[in-house]
Amino acid sequence: MSLTFEALYDEHASYVVRSLRRLGVSEADVLDEAQNAFVALHRHLARFDSSRPVKPWIFGFCHRIAANYRRLARNTHSSTALPENLESKDTPE
């Protein structure tokens, strides 16, 4: 039996969102990252072996999406934060 994307989404959307939350994706970004997960799932759906359970396969995508999210969030926060001595209102002018 072939798994359709619509059935995958209908059955597992809440699982994807819950998994991403547990893996450290912030509430503000969880729906965007869930969409990224479903885009990746759609892209790889033809490679899914239907004789195997679907949830571990989905969780693998969630794990990678969340890891990328955390890595990018860490880099974004570190590059936008100014050192303490530069945050003062004193300017060279």
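**Entry 1: aromatic pairs**

I went looking for ring pairs and found four aromatic pairs in the structure. One of them is Trp 57 with Phe 61: the ring centres are 5.0 Å apart and the planes stand at 75 degrees, so I put this pair down as edge-to-face.

Where do Trp 57 and Phe 61 lie? I found both in helix H3, four residues apart, which is about one turn of the helix. Buried or exposed, I wondered about Trp 57 and Phe 61? Both are buried.

I also followed the ring pairs around Phe 5, and they link Phe 5, Tyr 9 and Phe 38 into a cluster.

**Entry 2: charges over rings**

Next I checked which charged ends sit over rings. Phe 61 turned up again: the charged end of Arg 64 sits over its ring, 5.1 Å from the centre. I noted another case at Tyr 15, where the charged end of Lys 55 sits over the ring at 4.7 Å from its centre.

**Entry 3: His 12**

I picked His 12 next and found it in helix H1, which runs over residues 5-22. Is His 12 buried or exposed? Its relative accessible area is 6%, so I wrote it down as buried; the cut-off is under 20%.

What does His 12 touch, once residues up to four places away in sequence are set aside? My list reads Phe 38, Val 54, Lys 55 and Ile 58.

**Entry 4: the nonpolar core**

Then I looked up the largest nonpolar core, which has 24 residues. Val 16, Leu 20, Leu 41, Trp 57 and Ile 58 touch the most other members. Helices H1, H2 and H3 each supply at least two residues of this core, and the largest share, eight residues, comes from H3.

I took Val 16 for a closer look. Leaving out neighbours within four places in sequence, I have Val 16 in contact with Ala 34, Ala 37, Phe 38, Ile 58 and Cys 62. Phe 38 and Ile 58 were on my list for His 12 as well.

**Entry 5: confidence**

The chain averages a pLDDT of 87, and 80% of the residues score at least 70. Which helix has the highest confidence, and which the lowest? Helix H2 (residues 30-44) is highest at 97, while helix H3 (residues 54-80) is lowest at a mean of 86. A reminder for my own reading: where pLDDT is low, the predicted coordinates should not be read in detail.

Methods: Residues numbered from 1 in each chain as written. Predicted model: local features only at pLDDT ≥ 70, side-chain atom pairs only at ≥ 80, totals over all residues. Heavy atoms only, no water. pLDDT = per-residue confidence, 0-100. Buried < 20%, exposed > 50% of the residue type's maximum accessible area, 1.4 Å probe, protein only. Contact = heavy atoms within 4.5 Å. Phe/Tyr/Trp six-rings, centres within 6.5 Å; stacked < 30°, edge-to-face > 60°. Lys NZ or Arg CZ within 6 Å of the ring centre and 35° of its normal. Core = buried A, V, L, I, M, F, W, Y, C linked by side-chain atoms within 4.5 Å.
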